[in-house]
Amino acid sequence: MEQQQPTEQFSFDFQTETPHIVRQSRDEIRLQMGEFAGPLDLLLYLIKQEQANIFDIPIARITDEYLKYIRLMKNLDISLAADFLVMAATLIEIKSKMLLPREISDVPEEEIEDPRQELVDRLLEHQTYKNASQMLWTRSTVEQAVFTRGRIESDENNAEVNSTVFDLLKVFQKILAQHKEEVLLEIEREEMSLAEMLKKLKQTIFLHKQINLRELLREMHTRQEIVLAFIAVLELVRTGSVNLLQEAIFGDIVLMKSK
Amino acid sequence: MDLETEKQPRSVGEIVAIVEALVFVADEPISIKLLAEILQEDREVIEAAVEQLKNEYQYRESGLTLREIAGGWQISTRAEFHEEIRKFLKTRPNAKLSLAALETLAVIAYKQPVTVPEILDIRGVQSASAIKTLLDKRLIAAKGRKETVGRPMQYGTSKEFLMQFGLKDLSELPSIEDFEDLACSI
């Protein structure tokens with residue numbers, strides 16, 4: 001939680017300030033946030049909360065509320081889409097335009113375009129499609145209660161005829177995934193036990209008298225082999241069958257057969 | 001004269017019965033045109049037969065109903081019996097589309113063919129994942145590229161969309177102006 005910064009214009013501390021949008025718990029806020037798919041959604045919500053008329057948005061008040069919300073989202077570590085910030089900038093721009101004194105001109109007042117016009121148009125269009133999506137939701141709910149007969153086998157409904165490029169891609173991905181698994185299996189077959197590794201290591205040391213540890217590990221093919229080899233080395237050191245030699249700090253470690 | 005191939009005029013009842021059988025076996029809604037081709041009857045005759053069949057189902061309060069959907073006719077169960085049917089099939093309703101996906105679908109349905117930037121303009125948010133969901137569910141399909149800078153892909157709704165939302169065709173969607181009026185009244 002950030003410290004309260006009273007000088008900053010849109011600072012917000014939800015312990016002390018409680019705008020009506022914010023309710024009891026963090027979880028609830030989080031849930032409410034989830035519903036705002038985008039900045040237009042949030043704006044529409046705020047306008048409803050303020051019971052403002054969409055054709056006469058009290059831009060200063062709504063901008064403050066909007067910025068409070070953004071601040072709140074940041075405090076709650078909800079990652080903010082850039083779209084939300086763009087909208088914040090738009091709101092501040094409109095707010096400042098409305099504060100500027102109008103130039104005295106011959107144009108009648110009705111013909112001067114309101115700085116809010118474009119935003120209102122966008123909000124209305126957005127709300128229109130939100131309404132339409134509600135209609136779709138209702139339709140699909142009704143439709144899910146309706147059942148048709150199951151498929152009858154025929155040449156026409158065989159999957160080969162009906163598949164699209166996307167289906168092919170999906171199958172291809174599946175095959176690739178299976179292929180990966182096969183490779184994994186092959187490696188497992190080559191798996192070595194610690195006893196085998198110990199035996200192999202002992203033989204090598206017996207033959208060469210000494211081995212460079214770095215080179216030994218480099219010869220291992222899998223992560224598991226490297227781990228096994230390392231454990232085997234530790235075991236040989238513990239039982240005193242080999243000695244370790246390091247000639248310089250950070251230099252290579254050499255395994256030597258103990259006398 | 002070959003008696004086998006001589007075409008006997010069918011009775012209305014017979015035509016209705018054959019139409020019923022064909023609609024029953026069809027995997028997808030079957031069109032009047034296709035029915036007329038198979039029965040070798042006039043379009044009007046088939047339309048009348050379909051109408052009669054539909055009324056018959058209604059009249060005897062059947063558990064089945066004949067309805068027009070996605071440009072064809074289909075026999076389906078009546079929505080009232082979904083609980084019993086689900087109990088038998090042991091299925092639950094499919095996962096609903098998310099709000100974001102539904103909104104994106106609404107924009108595509110009314111604005112088609114429409115490009116991704118155009119969808120972004122209306123929704124005010126990136127819609128890439130919603131579009132992917134809709135493509136995966138085959139509710140929308142790519143409809144060629146727009147001849148403009150970057151030649152963006154255009155999307156439109158599919159036949160599957162009509163089926164899943166119980167629509168005869170796109171013209172059955174309520175007019176977008178109705179929703180505009182609703183929007184203004186908030």
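Which residue of β5(B) does B:Ala141 stand opposite?

1. The residue opposite B:Ala141 is B:Gly156 in β5(B). This is a predicted model, in which local features need pLDDT of at least 70 and side-chain atom pairs count only at pLDDT 80 or more, while totals for chains, interfaces and linings use all residues. Residues are numbered from 1 along each chain as its sequence is written, and chains are lettered from A and ligands numbered from 1 in the order in which they are written.

2. On the sheet: helices (H or I, at least four residues) and strands (E, at least two) are DSSP runs numbered from the N terminus, and two strands pair if DSSP finds at least two bridges between them. In chain B, an open sheet of three strands runs in the order β3-β5-β4 with antiparallel pairing. Because β3 and β4 (140-145) of chain B stand at the edges, each with a single partner strand, one side of each is left without a neighbour in the sheet. The antiparallel pairing of β4(B) with β5 (residues 153-157) of chain B extends over four bridges.

3. A residue is buried if 20 or more other C-beta atoms lie within 10 Å of its own, exposed if 12 or fewer, and partly exposed in between, with C-beta atoms placed from the backbone.

4. The peptide bond from B:Gln112 to B:Pro113 is, however, cis, with omega near -5 degrees, and B:Pro113 is placed in the loop between α5 (99-111) and β3 (114-115) of chain B.

5. On positive phi values in chain A: A:Gln51, in the loop between α2 (39-49) and α3 (59-75), has phi near 50 degrees and is exposed, with 6 other C-beta atoms within 10 Å. A:Lys209, in the loop between α8 (194-208) and β1 (210-212), has phi near 70 degrees and is exposed, with 10 other C-beta atoms within 10 Å.
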